[in-house]
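I set out here what I looked up in this model, entry by entry.

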Amino acid sequence: MSEVNIKPLGDKVVIRPLTDEEAGSASASGIIIPDSAAKDKNDQGIIVAVGPGAKDEDGKRMDMEVKVGDRVLFKSWAEKMKIEKEEYWIISESDILGVIS
């Protein structure tokens, strides 16, 4: 996948879907494992861009807890968007449930 050319604002992050290999739905030799046997990858992805962070009541910028490259688990109701022919999610950092290590 190519690098995304978008800069999110505030506490927004841009997440790309996992590849079949990252999600475990393709074997090392490239054989595709059916969805019924593959683990659900719809609520996981890799962060490709992060905003500068939300502002608190005093107008001070709060640091983001996630960074580019993090594999994250997030609320699955988010809709995918097409940016430069690739699909991504753009969500608030607060919708991220955790970082997968």
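**Core.** I looked up the largest nonpolar core and found 11 residues: Val 13, Ile 15, Ile 47, Met 64, Val 66, Val 72, Phe 74, Ala 78, Trp 89, Ile 91 and Ile 96. I took a nonpolar core as a set of buried Ala, Val, Leu, Ile, Met, Phe, Trp, Tyr and Cys residues joined through side-chain atoms within 4.5 Å. Buried means under 20% relative accessible area, exposed over 50%, and partly exposed in between, with a 1.4 Å probe and protein chains only. Strand 1 (12–17), strand 3 and strand 5 each supply at least two residues of this core. I noted a second, separate core of 5 residues, including Val 14, Ala 49, Ile 83 and Tyr 88.

**Basis.** The model is predicted: local features need pLDDT of at least 70 and side-chain atom pairs count only at pLDDT 80 or more, while totals for chains, interfaces and linings use all residues. Residues are numbered from 1 along each chain as its sequence is written, and side-chain values use heavy atoms, with hydrogens and water left out.

**Sheet.** I read the strands as DSSP runs (E, at least two residues), numbered from the N terminus. An open sheet of 6 strands has the order 4-5-1-2-3-6, with antiparallel pairing; two strands pair if DSSP finds at least two bridges between them. Strand 4 (80–83) and strand 6 (96–100) are the edge strands, each pairing on one side only. Strand 3 and strand 6 pair in the antiparallel sense over 4 bridges, and Phe 74 stands opposite Ile 96 in strand 6.

**Aromatic pair.** I counted 1 aromatic pair. The ring centres of Phe 74 and Trp 89 are 4.8 Å apart and the planes stand at 65 degrees, so the pair is edge-to-face. The rule pairs rings of Phe, Tyr and Trp (its six-membered ring) with centres within 6.5 Å; planes under 30 degrees apart count as stacked, over 60 as edge-to-face and the rest as tilted. Phe 74 lies in strand 3 (residues 71–74) and Trp 89 in strand 5 (residues 86–92), so the pair ties together parts 15 residues apart in sequence. Phe 74 and Trp 89 are both buried.

**Salt bridges.** My search of the whole structure gave 5 salt bridges, each a side-chain nitrogen of Lys or Arg within 4 Å of a carboxyl oxygen of Asp or Glu. Among them, Arg 16 meets Glu 22, with the closest N and O atoms 2.8 Å apart. Arg 16 is buried at 14% relative accessibility, whereas Glu 22 is partly exposed at 30%.
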